[in-house]
Amino acid sequence: MNSFLKHTLPAFAANNPSIEVSISPRPGRHPVIKGLYINGREKAICVRNMEPSEILKKAELLKVASGEKLRRERKPVKSWNESVRGVWSPYHGHHHSV
Amino acid sequence: MLTKSLKRALLDSRWPMPPTFLLPWAAGLTTVSHSTAASNLPPPLVSGVSNISRQREALQQDQRAPPRASSGPLASLPELPAANATSSPPALSQSVRELLPVLQAQGPHYIVAHLYDRPYLLTQGDTLRLPFHMKDVEPGDILRLDRASIIGSRDYTLKAATAPPALNQSTGKVSYVDDRLFVCRAVVMGVESDPLHVEEKTKRRQRKVKRVKSKHRHTILRIKEVRVRGLEEVE
C-alpha cells in the first residue's frame, strides 16, 4: 500500500482530474479504498496484502462504477421516453374491427 | 494412439508445437479472425454472380391509420422493387428516395441497433446495459453504432430488403440497413457488475456440492444521438 501511495497514486490522480483523491491514515486497521459517488452512496474495498497493481485495479473498478447497488437487470434497455409508435389500440388497425 | 502425422509433427524440429489443426483438442479452431465489433464495417459481399441479390432498402408505410384521422383509407404498401446486383456503393431505391425526407421530418425516431447481432430497440437518451464487458473502453468514450436493422418513426419504417426465406425455413439471419442513412452515437458511462451469484451443482444421493461463483460485468452505454440523415448528406 505504501508503494502504491508513493508511486502509483499520483499518476492515477493526474490521469483523472475529475476525481478528488484524499489520503488519511488508519493506524491499526486494514487499508481501505473508499469511493464516494454522486448519488450519495459509498463503496469501500479492503486492500490488505495487495500488490500496487492489484490496488490500482480496485481503484479503476471504483472509478468506472456508478454508485448504484449491484443488481441483476433483466432488461438491457432503460428508457424514459414515450414509445415512438404509440400505444396499441384495438380501434386503429386493419386486421380486425371492433 | 497417436496418428502418424501427429507423431511426425511432434517430433519435427521445425515447429516448436504442432500446428493447431493437428492438436486433438483444437481441431475445430481456425486462425481466421472474425471481426464482430460494432464499430467494424462488414466485409464486402462476394458478388461475382450476377443474380445474387444485394441489400436494398425499402421504406414501408405503416398499415395502421393514425388515430387522429376519423376514418381514412388505409395506405397501401408500395411494391418492393426486385433486388438486382448493383455496383458498390449500392444505389438507393426509389422508395427510399421518396420517403427518407418524410421519415426524417417526423421525429422522434427509434432504431433497432445490433451489437454482436443482438437487437436493442433504442431511442435518444436511453441507457443500454450490454450483456458483456467491452474491453479497452473508458467512461466518456463515444461509440458509433453502425449496424441497425430497422429505423422508424411513428408512421414510417426503414428496413433492409431481403429475399423472402424459403418455405419452412427460418434462418435467423438479419439484414442491415445501409449505414449511410443514419447516425447513432453512444457514450460509455461505465461498468456495472452483477451481485455475486453462486451456482450449486450436485447430483442426487451425492453429498458433494460444487459451488461455482460468477460475477458478470456489463458495460453501460447512454445513447446520445439517433438521427436519420437527409438525402443530400447521403449522396
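Helix faces, sheet order and a surface patch

User: In this predicted model, which residues of helix H2 (residues 94–105) of chain B are buried?
Analyst: Buried means under 20% relative accessible area. In H2 of chain B, the residues that are buried are B:Ser95, B:Val96, B:Leu99, B:Leu100 and B:Leu103. They lie on the same side of H2(B), because the arc they cover around the axis is only 135 degrees.

User: Which strands stand at the edges of the open sheet of five strands?
Analyst: The order of the sheet is E3(A)-E4(B)-E11(B)-E8(B)-E5(B), and the pairing is antiparallel. Each edge strand has a single partner strand, so one side of it is left without a neighbour in the sheet. The edge strands are E3 (77–78) of chain A and E5 (142–144) of chain B.

User: Which residue of E11(B) stands opposite B:Arg129?
Analyst: Strand E4 (residues 127–129) of chain B runs antiparallel to strand E11 (residues 217–228) of chain B, and three bridges join them. Opposite B:Arg129, E11(B) places B:Ile220.

User: Is A:Ile23 buried or exposed?
Analyst: A:Ile23 is in the chain A loop between helix H1 (2–15) and strand E1 (32–36). Its relative accessibility is 56%, and the cut-off is over 50%. A:Ile23 therefore counts as exposed.

User: What accessible area do A:Ile19, A:Val21 and A:Ile23 have together?
Analyst: These three residues, A:Ile19, A:Val21 and A:Ile23, form a nonpolar patch on the surface. Together their accessible area is about 240 Å².

Terms used:
Residues numbered from 1 in each chain as written. Chains lettered and ligands numbered in written order. Predicted model: local features only at pLDDT ≥ 70, side-chain atom pairs only at ≥ 80, totals over all residues. Heavy atoms only, no water. Patch = residues over 30% accessible without salt bridge, like charges linked within 9 Å, V, L, I, M, F, W, Y side chains within 5 Å. Areas by Shrake-Rupley, 256 points an atom, 1.4 Å probe, with all protein chains shown as cover. Salt bridge = Lys/Arg side-chain N within 4 Å of Asp/Glu carboxyl O. Helix = DSSP H or I, 4+ residues; strand = E, 2+ residues; numbered from the N terminus. Buried < 20%, exposed > 50% of the residue type's maximum accessible area, 1.4 Å probe, protein only. Arc of directions from axis to C-beta. Pairing = 2+ DSSP bridges.
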